[in-house]
Amino acid sequence: MAESRAGVPQNSQWAIAFETAEQSGWVEPTVEQYIDQQYSGPKAALRPIFDAARRLIEELGTDVRVEGRGTYTPFIRARQFAAIAAATTARVDLGLRFVEAPESELLVTAKAPGQSTHKIGLTSTADVNDEVGSLTAIAYQQNGR
């Protein structure tokens, strides 16, 4: 576990910061508010790609949880298995976490978004195809209960 020079564990640092922010009047955005923020302004045109990838991921099982983050959207089962981020104004990255990565020309080794080991660049809703669905299903299966 990471610690600061003062010896306070990283998770405790986050808990202290979160509590302080709430006491100052900050209200954590909802998952949908985080997503709306990510796909606004110059990245608004990417929202249909995000929505198509999200549908594909959520259809994998009723145990898929979506969480909110400022720069990406994680999808969790027993642990995070997928994450979607508006990488540029022209591309959405679908990050996948593999225990053992399958062979695919679509996969690029990555350390982001989230806990991804690989990512796939999506530039249109047509890119959210059967092969992307199969790769996402493998990540889902490898990170289950």
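Lys and Arg count as positive and Asp and Glu as negative, with His and the chain ends not counted. The place of a charge is taken as NZ of Lys, CZ of Arg, CG of Asp or CD of Glu. This is a predicted model, in which local features need pLDDT of at least 70 and side-chain atom pairs count only at pLDDT 80 or more, while totals for chains, interfaces and linings use all residues. Residues are numbered from 1 along each chain as its sequence is written, and side-chain values use heavy atoms, with hydrogens and water left out.

**Figure 1. Overview of the protein, with four helices and six strands.** Helices (H or I, at least four residues) and strands (E, at least two) are DSSP runs, numbered from the N terminus. Their order from the N terminus is α-α-α-β-β-β-β-β-β-α. The C-alpha trace spans about 45 × 35 × 30 Å along its principal axes. Of the 145 residues, 37% are buried (under 20% relative accessible area; exposed is over 50%, partly exposed in between; 1.4 Å probe, protein chains only). The mean positions of the 14 positive and 18 negative charges lie 4 Å apart.

Figure 2. Gln38 counts as buried because its relative accessibility is 8%. A polar atom of the Gln38 side chain lies 2.8 Å from the backbone oxygen of Arg69. Apart from neighbours within four places in sequence, Gln38 is in contact with Lys43, Arg69, Gly70, Thr71, Tyr72, Thr73, Ile84 and Ala86 (contact: heavy atoms within 4.5 Å).

**Figure 3. The open sheet of six strands.** The strand order is E1-E2-E3-E4-E6-E5, with antiparallel pairing (two strands pair if DSSP finds at least two bridges between them). Strand E1 (65–66) and strand E5 (108–109) stand at the edges with a single partner strand each, so one side of each has no neighbour in the sheet.

**Figure 4. Strand E6 (residues 118–122) and its pairing with strand E4 (residues 92–96).** E4 and E6 are joined in the antiparallel sense over five bridges. Val92 stands opposite Leu122, and Asp93 has Gly121 as its bridge partner. In a regular strand the side chains alternate between the two faces of the sheet. The covered face of E6 holds His118, Ile120 and Leu122, whereas Lys119 and Gly121 are on the uncovered face.

**Figure 5. Pairing of E5 with E6.** These strands pair in the antiparallel sense over two bridges. Thr109 has His118 in E6 as its bridge partner, and His118 belongs to the covered face of E6.

Note on methods
Polar contact = N/O pair within 3.5 Å; in protein donor to acceptor, adjacent residues only side chain to side chain.
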